[in-house]
Amino acid sequence: MPGEGHPDTEVLFVGEGPGQTEDRQGRPFVGRAGAFLVRLLASLGWRREEVFITNVVKCRPPGNRDPSPLETEICRPFIERHIELVAPKVLVTLGNPSTKLLLLESIRLPMQPSPNRHRRCQRSAASIDKRLYLQQDSM
C-alpha cells in the first residue's frame, strides 16, 4: 500500500504498517487508528485529504505484530522516496517503528537541501505514540 493524500501537502504522516482493516481495504489508516487520526486532524482544522499518509512497511506483518528492524530497513528506500516526492515541511511519525527509523536513528533527512537531492523535510518533525490514540479510542 503506497499511501494516499494530497501530493502537494506540507504535512506527511508516517505510520508503522497496515493493520488488518488497512490490508483489506488497501488504504492507510482506515481502522481504529485512522478514526483517531481523522479526529486529530479535525481538531487542527485539517481534513484527511489535505495531508499525505503512508506507512514505513507496505504490507501487514504476520500476526499483526510491529514490523521488525529488518523489515523497516528493507522498506527504508520506499519511505525515503515518499519523503523526497512529497517534500513536507512537517513530518509526523505515528508509532515506534516509524519514529525509530526516521527520527531516532542518525536521521537521513537533511535539514537543508542538498544540490544532488530533492528538497526534503526542512522544518520540523513530531511523533505521536499509538498508545495515545488507543487510549482515546477506549474512552
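Visitor: Which residues make up the largest nonpolar core?
Guide: In this predicted model, that core has 12 residues: L12, V14, F52, V56, V57, C75, I79, I83, V86, L91, L101 and L102.

Visitor: Let me pick L94, then. Where is it found, and is it buried or exposed?
Guide: L94 is found in strand β4. Its relative accessible area is 3%, so L94 counts as buried, the cut-off being under 20%.

Visitor: How far apart are L94 and T54, in sequence and in space?
Guide: In sequence, 40 residues separate L94 and T54. In space, their C-alpha atoms are 9.9 Å apart.

Visitor: Back to strand β4. How many of its residues are buried?
Guide: 4 of the 5 residues in β4 (residues 90–94) are buried, which leaves the strand mostly covered.

Visitor: In which sense do β2 and β4 pair, parallel or antiparallel?
Guide: Strand β2, residues 11–15, pairs with β4 in the parallel sense, over 5 bridges.

Visitor: And what stands opposite V11?
Guide: V90, in β4.

Visitor: Changing topic to charges. How many salt bridges does a search of the whole structure find?
Guide: The search finds 9 salt bridges. One of them joins the side chains of R27 and E4, at 2.7 Å from N to O.

Visitor: Where do R27 and E4 sit in the chain?
Guide: They belong to distant parts of the chain, 23 residues apart. R27 is in the loop between α1 (20–25) and α2 (32–43), while E4 is in strand β1, residues 4–5.

Visitor: Which residues are linked with them in a network?
Guide: R48 joins E4 and R27 in a network of salt bridges.

Visitor: Tell me about R48. Where is its place?
Guide: R48 is in the loop between α2 and β3. With a relative accessible area of 13%, R48 is buried.

Visitor: Why does 13% make R48 buried?
Guide: Because buried means under 20% relative accessible area, and R48 comes in at 13%.

Visitor: What does the side chain of R48 reach?
Guide: It reaches the backbone oxygen of F29 at 2.6 Å. The side chain of R48 also makes a polar contact with the side chain of E4, at 2.9 Å.

Visitor: And which residues does R48 touch, leaving aside those up to four places away in sequence?
Guide: The residues it touches are E4, R27, P28, F29, V30, V38, L41 and I53.

Visitor: Last topic, confidence. What is the mean pLDDT of the protein?
Guide: The mean is 78, and 73% of the residues reach 70 or more.

Visitor: Which elements have the lowest and highest mean values?
Guide: Helix α5, residues 130–138, has the lowest mean pLDDT, 49. Strand β3, residues 52–55, has the highest, 94.

Visitor: Where does pLDDT stay under 50?
Guide: One stretch is residues 106–124, for which the model has 35 contacts beyond four places in sequence. Another is residues 133–139, with 8 such contacts.

Definitions and conventions:
Residues are numbered from 1 along each chain as its sequence is written. This is a predicted model: local features need pLDDT of at least 70, side-chain atom pairs count only at pLDDT 80 or more; totals for chains, interfaces and linings use all residues. Side-chain values use heavy atoms; hydrogens and water are left out. A salt bridge is a side-chain nitrogen of Lys or Arg within 4 Å of a carboxyl oxygen of Asp or Glu. Helices (H or I, at least four residues) and strands (E, at least two) are DSSP runs, numbered from the N terminus. Buried means under 20% relative accessible area, exposed over 50%, partly exposed in between (1.4 Å probe, protein chains only). Two strands pair if DSSP finds at least two bridges between them. A nonpolar core is a set of buried Ala, Val, Leu, Ile, Met, Phe, Trp, Tyr and Cys residues joined through side-chain atoms within 4.5 Å. pLDDT is the predictor's confidence in each residue, from 0 to 100. Contact means heavy atoms within 4.5 Å. A polar contact is a pair of N or O atoms within 3.5 Å; within protein, one must be able to donate a hydrogen and the other to accept it, and residues adjacent in sequence count only if both atoms are side-chain atoms.
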